[in-house]
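Biologist: I would like to learn how to read a fold, feature by feature. Can you take me through one?

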Amino acid sequence: MDSLLPREDREAGKTLQSTFEQQGIAVKTGAAIKSISVEAGTVHVHYDGSSATEEFDKVLVGIGRTANIAGLNLDAAGVATEQGAVKVNEMMQTTVPHIYALGDVIGGMTLAHAAEKEGYLLAQNLIQGSRHPLDHRAVPRVVFCHPEVAAVGTHEARAGIKAFTMPQAPNGRAVVDKVAPAFVKLFIEEDTSQIAGAIIIGEGATEMIHEMAVAVENRLTLEQIGKTVHAHPTHSKNVLLAVQHFN
């Protein structure tokens, strides 16, 4: 892919790459690996379109996940699949009405907390006869690297959605903890000032994102978040500053 965090905001990907490079981590994007070989305990990596070879002590391969459905005998049950995962509707019902599926086997976000919420909603709907689908907009997407990355809701500016990046000005907590101030980018519906999404990079980002998840889930506005008192000194004050300075 051409950037880190390819499914998220490009500016955030560039920011994460910059912070990695400041830590001495070399980042290659837009590079495809042709082959990997091990000789005398050294890993040799060969890239497509290049005769150069790089040597490493170890290589960690992380190329995504696929649904583990091969042993479920779905064909015998008449359950349809789609793009390698169990096909379901918004109520997690398969093509066989009395069979339901959730979590990683249905593809999509493949996040533990999304699967947990799906299970809760499915049980509630079956017991109560209700119809409450999961609002995927409000499911946080997190990356436990250093610094942490967390996002929720929309990830790009488009017609009717305006984006604002808060300058990374140090706040009290960042100074005390001796860490870089958080990168905060907001996506706002222009007509209503409702928060449509956000992405945060920094210390505690995976904790800070929940305030934005509440905002997305409940369609809160900049003004509603802005009038909420945030404790000082905290990293979350950067979210408040971003809301207050949105223009």
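Modeller: We go from sheet to helices, then to rings and backbone details. Keep in mind that this is a predicted model.

Biologist: Start with the sheet. What is the strand order in the open sheet of five strands, and what is the pairing?

Modeller: The general idea comes first. Strands of a sheet pair through backbone hydrogen bonds, either parallel or antiparallel. Here the order is β6-β7-β10-β9-β8, and the pairing is antiparallel. From one strand to the next, the twist averages 10°.

Biologist: How many bridges hold β9 and β10 together?

Modeller: Six bridges, in the antiparallel sense, between residues 183–189 of β9 and residues 195–202 of β10.

Biologist: Now the helices. How do I check the length of α5?

Modeller: Helix α5 has 13 residues (205–217), so at 1.5 Å a residue it should span 18 Å. Its end C-alpha atoms are 18 Å apart, which agrees. Look for a bend too: α5 bends by about 25° at Glu-211. After the helix comes Arg-219, with a positive phi near 55°.

Biologist: What do the buried residues of α5 pack against?

Modeller: First find them. Among the buried residues of α5 are Met-208, Ile-209, Met-212 and Val-216. The buried residues of α5 pack against β6, β7 (148–153), β9, β10, α6 (222–226) and α7.

Biologist: And where does α7 lie?

Modeller: Helix α7 (residues 237–245) lies across β8, β9 and β10, at about 130° to β8. Its buried residues include Val-239, Leu-240 and Val-243. Their cover includes β8, β9, β10, α5 and α6.

Biologist: How many aromatic pairs does the structure hold?

Modeller: One. The centres of the Phe-164 and Phe-246 rings are 5.5 Å apart, and the planes are at 65°, so the pair is edge-to-face. The cut-off for that label is over 60 degrees. Phe-164 is in strand β8 and Phe-246 is in the segment after α7, so the pair ties together parts 82 residues apart in sequence.

Biologist: Last topic: which peptide bonds are cis?

Modeller: Read omega. The bond from His-146 to Pro-147 is cis, with omega near 5°. Pro-147 is in the loop between β6 and β7. The bond joining His-232 and Pro-233 is cis as well, with omega about -5°. Pro-233 is in the loop between α6 and α7.

Methods: Residues numbered from 1 in each chain as written. Predicted model: local features only at pLDDT ≥ 70, side-chain atom pairs only at ≥ 80, totals over all residues. Heavy atoms only, no water. Pairing = 2+ DSSP bridges. Helix = DSSP H or I, 4+ residues; strand = E, 2+ residues; numbered from the N terminus. Axes fitted to C-alpha atoms, helices over the stretch in contact; angles between N-to-C directions. Contact = heavy atoms within 4.5 Å. Expected span 1.5 Å × (residues − 1). Bend = angle between axes of the 7 residues up to and from the residue. Buried < 20%, exposed > 50% of the residue type's maximum accessible area, 1.4 Å probe, protein only. Phe/Tyr/Trp six-rings, centres within 6.5 Å; stacked < 30°, edge-to-face > 60°.
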